[in-house]
Each structure stands twice: as C-alpha cells, then as structure tokens.
Amino acid sequence: WYVRNWGGSYVFNRGTNGGTGNTVKRQLFRIETNGNIVVPQGNAIIDGRVNSEEVKVEVLDIPDYVFANDYELRSLEDTKAFITQNKHLPEIPSEKEIRANGGIELGDMNMRLLKKIEELTLYQIQLMERLEELESKNAEIDQLKKEIRELKQK
C-alpha cells in the first residue's frame with residue numbers, strides 16, 4: 001500500500017508484482033483537495049447506509065420521447081390487463097426481478113418512473129379532453145331539453 005500526498009490530494013495506491021519482479025502501482029482511490037473521493041477503477045461498495053444531501057446520477061435515455069406525436073401510448077385497458085396478469089406496471093421490474101438482480105439501478109429506475117409520470121400526464125390530458133367533450137354534449141342536451149319543455153308548453 002502506498003499513500004502519497006500529491007498536490008494536496010491524498011492518493012491511495014496498491015503495489016503488485018507485475019511478473020517481472022517490479023512493483024506496479026494501481027490507484028485505488030484518492031481524496032482530492034476539494035473533499036471529493038474518487039474511485040477511478042471499479043466500484044465503491046458501502047456496507048451500510050449512505051447519507052447525502054444530493055446524489056447525481058448520470059443518465060442517457062431521457063423519456064421525453066413520450067411527448068412526440070408518433071409515440072404510441074398504451075391504452076388504459078391494456079395497462080389494466082397487464083397489471084391484472086403480472087401484478088406490476090409495464091416496463092417496471094417486479095419485486096421478484098429486483099430481488100433476483102440484487103437491487104435496482106437508480107438512474108434507470110428514475111427514468112422509468114419519469115416515463116410513467118409523463119404517460120400519466122398524457123392519460124390525464126386525454127381524460128380532460130373527454131370530460132370537456134362530455135360537458136359540452138351535456139350542455140347541448142340540457143339546451144335541447146329546455147327547448148322540448150318550451151314546445152310542450154305551447
């Protein structure tokens with residue numbers, strides 16, 4: 001193990017034999033002057049809780065395509081049938097899948113949930129449009145009823 005203060009950062013290296021008798025250093029992690037802890041190779045594994053004020057997860061596939069004109073929104077009837085049969089939302093892993101995979105990736109799950117929120121917004125817009133149409137037809141029916149009553153009174 002080698003700990004080196006390099007430009008104010010503390011670098012933690014591990015020496016290994018490269019097969020030719022020389023020592024090869026591999027940087028395990030470093031603590032930078034700004035307080036960042038950088039793990040350049042591999043994964044940081046924490047056995048326990050992580051408390052943080054903020055976590056930034058880099059994602060590539062943002063589901064705003066849901067709002068494109070050519071996006072085919074699954075019907076609520078199909079969604080209901082899927083839920084009845086599978087006991088979870090379409091495109092969202094089941095509890096069994098999450099347990100089998102040892103958890104979920106936050107970035108991927110957040111984007112899946114964002115997609116569902118965006119789809120829910122589209123469903124609400126559809127329902128609002130249907131409600132407005134029904135209210136308009138209801139007003140028309142009320143007007144026709146009024147005219148029929150007036151004609152009967154003559």
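Throughout these legends, helices (H or I, at least four residues) and strands (E, at least two) are DSSP runs numbered from the N terminus. The model is a predicted one, in which local features need pLDDT of at least 70 and side-chain atom pairs count only at pLDDT 80 or more, while totals for chains, interfaces and linings use all residues. Residues are numbered from 1 along each chain as its sequence is written, and side-chain values use heavy atoms, with hydrogens and water left out.

**View 1. Strand residues Val3 and Arg14.** Val3 belongs to strand β1, which covers residues 2-6, whereas Arg14 has its place in strand β2, which covers residues 9-17. Val3 counts as exposed, since its relative accessibility is 55% (exposed means over 50% relative accessible area, buried under 20%, and partly exposed in between, with a 1.4 Å probe and protein chains only). Arg14, by contrast, is partly exposed, because its relative accessible area is 41%. From the C-alpha of Arg14 to the C-alpha of Pro90 the separation in space is 46 Å, and along the sequence these two residues are 76 residues apart.

**View 2. Asp61 and Arg112.** Asp61 is found in the loop that runs between β4 (37-38) and α1. With a relative accessible area of 52%, Asp61 is classed as exposed. Although 51 residues separate Asp61 from Arg112 along the chain, their C-alpha atoms are 9.6 Å apart.

View 3. Rolling a probe the size of a water molecule over the atoms shows where empty space is left. A pocket here is an open set of points on a 1 Å grid over the protein atoms alone, where a 1.4 Å probe fits, with protein on both sides within 12 Å along at least five of seven lines, and lining residues have an atom within 4 Å of a point. The lining of the largest pocket includes Val50, Val55, Lys56, Val57 and Glu58. Ile104, Glu105, Leu106, Gly107 and Asp108 also belong to that lining.

**View 4. The second largest pocket.** The volume of the second largest pocket is about 170 Å³. Thirteen residues line the second largest pocket, and those closest to its centre are Thr79, Leu89, Lys116, Glu119 and Tyr123. Helices α1 (76-86) and α3 (106-153) each contribute at least two residues to this lining, and the most come from α3, which provides five.

View 5. Lys115 is classed as buried because its relative accessibility is 9%, whereas Glu91 is partly exposed at 40%. Another salt bridge joins the side chains of Lys116 and Glu119, at 3.1 Å from N to O. Both of these residues belong to helix α3, where they stand three residues apart, or about one turn of the helix, and both Lys116 and Glu119 are buried. Salt bridges link Glu91, Lys115, Lys116 and Glu119 into a network.

**View 6. Glu133 and Lys137 in helix α3.** Glu133 and Lys137 form a salt bridge in which the closest N and O atoms are 3.2 Å apart. About one helical turn separates Glu133 from Lys137, because they are four residues apart in helix α3. Glu133 is partly exposed, with 45% relative accessible area, and Lys137 also counts as partly exposed, at 45% relative accessibility.

View 7. Most residues other than glycine have a negative phi. Lys87, which is not a glycine, has a positive phi of about 65°. Its place is in the loop between α1 and α2, and Lys87 counts as exposed because its relative accessible area is 66%. Glu91 lies in the loop between α1 and α2, and its phi is likewise positive, near 70°, in a residue other than glycine.

How values were computed: Grid points are joined across faces, edges and corners, and a volume is the space filled by probe spheres set on the points. A salt bridge is a side-chain nitrogen of Lys or Arg within 4 Å of a carboxyl oxygen of Asp or Glu.
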